[in-house]
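Student: Hi, I have a model open and would like to talk it through. Could you take me around it, starting with one residue?

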Amino acid sequence: MTGPHRPAEPTSGAPGRDGVTDLVRWAVFSCFLVPVALLWYGASFAGAVGTAFGLAAVTGVCRLLLRRSERTAARRRARGGGRHTGENTPVD
């Protein structure tokens with residue numbers, strides 16, 4: 001049973017798989033697929049390569065931010081703190 005301060009665990013996906021890892025895998029796949037589609041539809045090679053590098057950079061930054069967010073959330077859970085730690089915080 002989940003309480004008001006504990007979100008339900010996700011039920012989709014294989015057990016033990018990391019959602020961030022899945023997200024990054026799809027992003028890497030897109031870094032390959034989008035330039036191929038651009039070339040297929042007549043874009044220049046330089047434009048497709050530039051797009052691939054841009055997508056790879058955005059994917060890398062997003063991965064770093066997601067991992068940082070996970071570490072921060074894990075530290076808060078380990079401390080027993082949440083978003084609302086004051087005594088006068090209303091509980092729904």
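Tutor: Happy to! Trp26 is exposed, with a relative accessible area of 60%; exposed means over 50%, buried means under 20%, and partly exposed is in between, using a 1.4 Å probe and protein chains only.

Student: What should I know about the model before I go on?

Tutor: This is a predicted model, where local features need pLDDT of at least 70, side-chain atom pairs count only at pLDDT 80 or more, and totals for chains, interfaces and linings use all residues. Residues are numbered from 1 along each chain as its sequence is written, and side-chain values use heavy atoms, with hydrogens and water left out.

Student: Thanks. Where does Trp26 lie?

Tutor: Trp26 lies in helix α1, which covers residues 19–40. Helices here are DSSP runs of H or I with at least four residues, strands are runs of E with at least two, and both are numbered from the N terminus.

Student: Which residues form a nonpolar patch on the surface?

Tutor: Trp26 is part of that patch, together with Phe29, Phe32, Leu33 and Val36, and their accessible area together is about 550 Å². Patches take residues with over 30% relative accessible area and no salt bridge, joining like charges within 9 Å and nonpolar side chains (Val, Leu, Ile, Met, Phe, Trp, Tyr) within 5 Å. The areas come from the Shrake-Rupley method with a 1.4 Å probe, and for residues only the protein chains shown count as cover.

Student: And which residues are buried in α1?

Tutor: Those are Val20, Val24, Cys31 and Pro35. The buried residues of α1 pack against α2, residues 45–79, where contact means heavy atoms within 4.5 Å.

Student: Why does Val24 count as buried?

Tutor: Val24 counts as buried because its relative accessible area is 16%. The C-alpha atoms of Val24 and Arg63 are separated by 6.7 Å, although the two residues are 39 apart along the chain.

Student: How many helices and strands are in the chain?

Tutor: The chain has two helices and zero strands. Of its 92 residues, 7% count as buried.

Student: How far does each helix reach?

Tutor: α1 has 22 residues and reaches 31 Å from its first C-alpha to its last, close to the 32 Å expected. The expected span is 1.5 Å times one less than the number of residues.

Student: New topic: how many disulfides are there?

Tutor: A search of the whole structure finds zero disulfides, a disulfide being a pair of cysteine sulfur atoms within 2.5 Å. Cys31 counts as buried at 14% relative accessibility, while Cys62 is partly exposed at 39%.

Student: What about salt bridges, how many does the structure hold?

Tutor: It holds one salt bridge, defined as a side-chain nitrogen of Lys or Arg within 4 Å of a carboxyl oxygen of Asp or Glu. Glu70 forms a salt bridge with Arg67, and the closest N and O atoms are 3.1 Å apart. Both residues lie in α2, three residues apart, about one turn of the helix.

Student: Is Glu70 buried, exposed or partly exposed?

Tutor: Glu70 counts as partly exposed, at 30% relative accessibility.
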